[in-house]
Amino acid sequence: MIQTINLQKLFATEEVETTALNGISMDVKDGEFVAIMGPSGCGKSTLLNILGLLDNPTDGEYNFYGTAVARMTERQRAQLRKGSIGFVFQSFNLIDELTVYENVELPLLYLKTPADERKQRVEAALERMAIMHRRNHFPQQLSGGQQQRTAIARAVVAKPKLILADEPTGNLDSKNGEEVMKLLGELNDEGTTIIMVTHSPYDAGFAHRIVNLFDGKVVTENFHV
Amino acid sequence: MIRNYLKIAFRTLWKHKTHTGINVVGLAVAFATATLLFLTSWFEWSYDRFHTDVDRIYRVYLQESTGDVTSIMPYPLSPALQAEMADAESVTRMMWSQTEFVGEKHVAKDIRFADPGVFRTFTFPLLAGDPNTALKDLSSIVITEDMARDLFGDQNPIGKPLRTDGLNMGRDFIVTGVLANIPTNSTFRFDALVRPETRVDYQANKAEWGNRNHEVFVRLKPGVDAQTAEKRLRSFTKKYWQSEIAEAKQRGQKPDAQGEYISLRLQPLTDIRFDTKGVMGGGVSRTYVYALALIGLFILLIAGINYVNLSLARSVTRAREVGVRKSLGAQSGQLLGQFWAESLVICLIALLAGVGLAVGLRPYYNQLFGTRLSFDLLTHPITVGCILVAFLFITLLTGGYPAWIMARFEAVTVLKGKVKGPKSGGLRSILIVAQFALASLLIICTLLIGQQLRYLRERPLGFSEEQVISLPLRNRDNLTGARALQQLRDRLRNNPDVVSISGTATNLGSGLDGSTSRSMSGWTYKNREVETDWLRVDFDYLKTLGMSLKAGRDFNPAFSTDTVSAVIITQSMAKQLGEKDPVGVVIQPDTADRKYEIIGVIPDFNLFSLHQKAKPITLHLDSRNEVSYALIRTTPQGMVRTMDALKSLWKEMAPSAPFQASFVNENTNRWYDKEERFSTIFRIAAGLTILLSCMGLFAVALLTIEQRTKEIGVRKVLGASVTSIVALLSKDFLKLVVIAIVIASPLAWYAMNQWLQDFAYKIDIEWWVFGLAGLLAVGIALLTVSVQSIKAALMNPVRSLRSD
């Protein structure tokens, strides 16, 4: 379970100070599927980055599965991030120089997973995302949908407790987008917690709860059943 | 993980072939050049250091309180030192090596004259024979391994008779020792050693302190320092140079700081290689050796800077990868390791290519620069060790810095696609300034060296060196130089291509026989100290060399006394004598048993290279001095025909002696071979540094312009012209280049001023050279940058604005 209390994030340049997050308090329970929505510049991605331990808040508390992480160093965060969070990006962010298989394998390498187990898990993830037949291709040789399926396979291969998805369908056509959303839904059904930033009300419909942000604050929360 | 790093490394490198290529080629060329240059300077530095306890070996030289120094010594000095110098462990004379034809095959070999002490003084190990007795007898000859093989094949040479032909030594020897081949980094190069007592002039001069013709080396006893030994030599000098000291006092010459008029000094053996004009000259300037190492370092530095700048430029495109990896759990250390591994791969490929290049280029390099770098030197453990250490250092610095920068990219920023690349504009600017300062430095040096070289070549020597052939007459028995010259005169008398023929003992320029000699004489004339080159010539010397008389007459066969007691002097000699009208004046050098009458005066001319100030010269025909070269002036059209005629004539006259004729203008050009090589090295180095610097500048320009794409788009939308944008983008780089020139100019001035000190005749360093170099650097930089600037300025702003 993750919990934030009064998260603040300020971006300061020499002349201007911008408040990206202004007192965000929210809980996400295990196995929940939360969508974060809001207009451009409302702080969605900033919040996601903090939740994903990629960034620290300027102020406030963040409790990540029982660990207070708000003041951790980059090094400590990296340690904690490994294996517990999977990321899915709008622009897929696959590494062009690695094949589908190698991209998916990468998190396990950083986790120092033994070779035979690694092979087994990568293959399982590829099967799961129906991308096995493309295992030796490079990202540029794949369609957008295939690339995003690879990215999801990479996000789940380490069996993280939490998947953070930043507009996962933003670069996809509706058919491929639908497919990706279904995959996320399935993962959630199997117990993975998912927090997703999206502009699309349709995608948000897959979530249990929608958190609406505006100017760095939570304005409404809608619950689905 | 490592496998993954390497895989990514290879794939990334392959994907960006151009970048990788520039990096690898740049580094490989730098590695190869630096290796060859460092080896050359190491080789020069290592000269004579193979002798054990080399710090105890010294060359004896004579210093007068006037500042004149010479290391040329009289025959009796060495025995006297041996008997009286308590500080000396051993003493030996070393005479110049002399090419003689030996054995039945008449093979040309370099023979040196040395005392038995040579084996105690130096470390020339004997493979066969006993160093204590090898040169005991006057009939002994000690030969090198190579010479033994050339003459005797596989047979044991010890005890074999060996006959030498030649002018000084039609003599029979017995081989008493075989020397290991002389190391290439030895000042003394020779094929055989015999005793000085075997020389024809020995008996006449063995007790003559005024006649000097060889050098003397001592090995001091352990624990004795040179200064102490020099101090203890004072009484020795006073004893043997009594009359010279008395004369100096009488002349009113001032004593030196120690109160001495003449003193014997000791010059460390290891300084001889670098002795450009101090004692004997002929050495390699230390400036040269340092310059080589420095240039090597420069080139490495520039290639390293390039690598850093290119990697930084590329790092932007890899920022996303950093972000993804970080989001997947990679830590900065791991990323650092990964990027460093990539650098390691590039550097390793470059190193291998560079070493391969160095090995492959070695023969050409040796040929071009007259060096003797052996393959063994390249594979020497010290060389390999140094290369590895340098390699690690370079990879650590050049690979480490960009890797460190990249690994520190923040995941959040780069994933947002907001990476601006490293902001260390300061460092980048410093690197560019450093590169262009080095390049400008080398451009200025190249220009100045070229100028000085041209000056040396074009400065009139005082004689006409065009269309004159010089033929070395050193040959087999019963054909002396004089007789050979006479034969040439007889046979070429009716040849229409030949204008005139003469002879001389001292070659003009550096001929194909590679030998040089000098005979000097000094005495007191009417209370004036006189020193002059004592030059043996033959009839028609002035005519052959196109010299005109200022007063008096030329040598003339019609005057029977001319070959005995007539001399022609140069104007500076006349001035030295203090005679307004010297024709008819009679002089008598101390060492001469005769009086000579001055019959003519000629303008000064340069008998030796322009490194040294021309000394007064006295020309004489005394047949007791050998004529060693024939000089033949031809008509402008008849040069080639005469050369051919001489060749066939020589074959008849001396069938077993090589024909080594050459044109005097080529020979005088050869005086400056060293400078020519120096100039070539600088030209190549300057070219390389400029090329490498431009590669770097290109990359950096690319990076900066990429980062300013949006700015350029906006400016264009607002109506900026292409020219104004190119100017905007180029301005910053030009500023850096100008700063570089300002830094380089005084450094170049200082370095070149030092170098020019080696020449008695030299150019003035003029300001426009710096201007020209600056213009060149700016022009080249502008060209490099403007390609990118123009491209950026021409880009459709819609595209550059959309890309954000």
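User: What makes B:Arg11 and A:Glu102 a salt bridge?
Analyst: Their closest N and O atoms are 2.4 Å apart. The rule asks for a side-chain nitrogen of Lys or Arg within 4 Å of a carboxyl oxygen of Asp or Glu, so the pair passes. This is a predicted model, in which local features need pLDDT of at least 70, side-chain atom pairs count only at pLDDT 80 or more, and totals for chains, interfaces and linings use all residues; side-chain values use heavy atoms, with hydrogens and water left out. Residues are numbered from 1 along each chain as its sequence is written, while chains are lettered from A and ligands numbered from 1 in the order in which they are written.

User: Is A:Glu102 buried or exposed, and how do you know?
Analyst: Its relative accessibility is 8%. Buried means under 20% relative accessible area, exposed over 50%, and partly exposed in between (1.4 Å probe, protein chains only). A:Glu102 is therefore buried.

User: How do you know how much chain B and chain A bury between them?
Analyst: Buried area is the accessible area (1.4 Å probe) that two parts lose on being put together, summed over both. Here that is about 2500 Å², with 54% of it on carbon and sulfur atoms. On the chain B side, B:Arg11, B:Leu328 and B:Gln331 lose the most area to chain A, together 25% of what that side buries. The contact (heavy atoms within 4.5 Å) takes 25 residues from chain B and 28 residues from chain A.

User: How many salt bridges does the rule find across the interface of chain B and chain A?
Analyst: One. Over all chains, the count comes to 43 salt bridges.

User: Why do A:Lys9 and A:Asp55 count as a salt bridge?
Analyst: The N to O distance is 3.5 Å. That falls within the limit, so the pair qualifies. The pair links distant parts of the chain. A:Lys9 is in strand β1 (residues 2-12) of chain A, and A:Asp55 is in the loop between α1 (44-51) and β4 (59-64), 46 residues apart. A:Lys9 counts as buried at 10% relative accessibility. A:Asp55 is buried too, at 13%.

User: What does A:Arg77 touch, and why is it called buried?
Analyst: The relative accessible area of A:Arg77 is 7%, so it is buried. Leaving aside neighbours within four places in sequence, A:Arg77 is in contact with A:Leu53, A:Leu54, A:Asp55, A:Asn56 and A:Met72. A:Asp55 is the residue that meets A:Lys9 in a salt bridge.

User: What makes B:Ile2, B:Leu6, B:Phe10 and B:Ile349 a nonpolar patch?
Analyst: A patch takes residues with over 30% relative accessible area and no salt bridge; like charges are joined within 9 Å, nonpolar side chains (Val, Leu, Ile, Met, Phe, Trp, Tyr) within 5 Å. These four have about 370 Å² of accessible area together. B:Ile2 has a relative accessible area of 59%, so it is exposed. Helix α1 (residues 2-15) of chain B gives the most to the patch, with three residues.

User: Why is B:Phe659 called neither buried nor exposed?
Analyst: At 23% relative accessible area, B:Phe659 is partly exposed. B:Phe659 is in the loop between α22 (639-653) and β24 (662-663) of chain B. Not counting residues up to four places away in sequence, B:Phe659 touches B:Leu471, B:Met643, B:Leu646, B:Lys647 and B:Trp650.

Notes: Accessible areas come from the Shrake-Rupley method with a 1.4 Å probe; for residues, only the protein chains shown count as cover. Helices (H or I, at least four residues) and strands (E, at least two) are DSSP runs, numbered from the N terminus.
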